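Work through the following exercises with the sequence and the model open. Each task is followed by a solution in steps.

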Amino acid sequence: MNAATDRQWAVRDAVLRWLLAKATEGYRSPILDAHAVGETVGWAPSPLTRDEVADASNHLYREGYVTGVPVMGIGIPRPMLTVAGRRVAEGGRSLRPVDCRHDVEGGHSVLESGLVH
């Protein structure tokens with residue numbers, strides 16, 4: 001996988017974690033905002049863009065992790081976690097398929113490293 005794909009999966013995970021944090025604070029359907037997502041989840045790489053967050057929200061919607069009304073060019077402006085999305089977020093698992101993950105040190109997939117059987 002390349003850096004752009006790695007970032008795309010990381011942004012999806014960040015949006016999901018942000019939604020769980022907002023739901024925990026009592027905001028069931030917060031306004032999607034790239035800066036707020038980054039600030040809440042402690043995003044360290046270069047700042048999230050509006051387009052990245054919109055794409056992530058669309059992905060979460062298509063996969064059934066959030067509900068809301070899709071708006072062209074904006075994503076899901078007020079996403080709300082579904083039961084499935086909440087379960088994944090609370091479990092702390094990445095949305096990225098296991099066979100596409102890399103270990104941090106060597107750049108090998110988890111399957112190649114022998115961590116998954």
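## Exercises on a predicted model

**Exercise 1. Lys-22 and Glu-25**

Task: Find what joins the side chains of Lys-22 and Glu-25, then classify each residue as buried, partly exposed or exposed.

Solution. This is a predicted model.
- Step 1: Lys-22 and Glu-25 form a salt bridge through their side chains, with an N to O distance of 3.1 Å. A salt bridge requires such a nitrogen to lie within 4 Å of a carboxyl oxygen.
- Step 2: Lys-22 has 18% relative accessibility and so counts as buried, as buried means under 20%.
- Step 3: Glu-25, at 49%, is partly exposed.

**Exercise 2. The other salt bridges**

Task: State how many salt bridges the structure holds, and describe the pairs Arg-7 with Glu-52 and Arg-86 with Glu-90.

Solution. 
- Step 1: There are four salt bridges in the structure.
- Step 2: One of them joins the side chains of Arg-7 and Glu-52, at 2.5 Å from N to O. Arg-7 belongs to helix H1 (residues 3-24) and Glu-52 to helix H3 (residues 50-62), so this pair ties together parts 45 residues apart in sequence.
- Step 3: Arg-7 is buried at 18% relative accessibility, whereas Glu-52 is partly exposed at 21%.
- Step 4: Arg-86 and Glu-90 make a salt bridge in which the closest N and O atoms are 3.0 Å apart. Both residues sit in helix H4 (residues 83-91), four residues apart, or about one turn of the helix. Arg-86 is partly exposed, with a relative accessible area of 32%.

**Exercise 3. The largest nonpolar core**

Task: Which residues of the largest nonpolar core touch the most other members, and which helix supplies its largest share?

Solution. 
- Step 1: The core has 22 residues, and those touching the most other members are Val-15, Leu-16, Val-37, Leu-48, Val-53, Leu-60 and Leu-95.
- Step 2: At least two residues of this core come from each of H1, helix H2 (34-41), H3 and H4. The largest share, eight residues, is from H1.
- Step 3: Take Val-53: not counting residues up to four places away in sequence, Val-53 touches Val-11, Val-15, Leu-32, Ala-34, Val-37 and Leu-48.
- Step 4: Ala-54 is also in helix H3 and is buried at 6% relative accessibility. Beyond four places in sequence, Ala-54 contacts Leu-32, Ile-74 and Gly-75.

**Exercise 4. Confidence along the chain**

Solution. 
- Step 1: The chain has a mean pLDDT of 86, with 84% of residues at 70 or more.
- Step 2: pLDDT stays under 50 over residues 103-117, where the model has 15 contacts beyond four places in sequence.

Note on methods:
Residues are numbered from 1 along each chain as its sequence is written. This is a predicted model: local features need pLDDT of at least 70, side-chain atom pairs count only at pLDDT 80 or more; totals for chains, interfaces and linings use all residues. Side-chain values use heavy atoms; hydrogens and water are left out. Buried means under 20% relative accessible area, exposed over 50%, partly exposed in between (1.4 Å probe, protein chains only). A nonpolar core is a set of buried Ala, Val, Leu, Ile, Met, Phe, Trp, Tyr and Cys residues joined through side-chain atoms within 4.5 Å. Contact means heavy atoms within 4.5 Å. pLDDT is the predictor's confidence in each residue, from 0 to 100.
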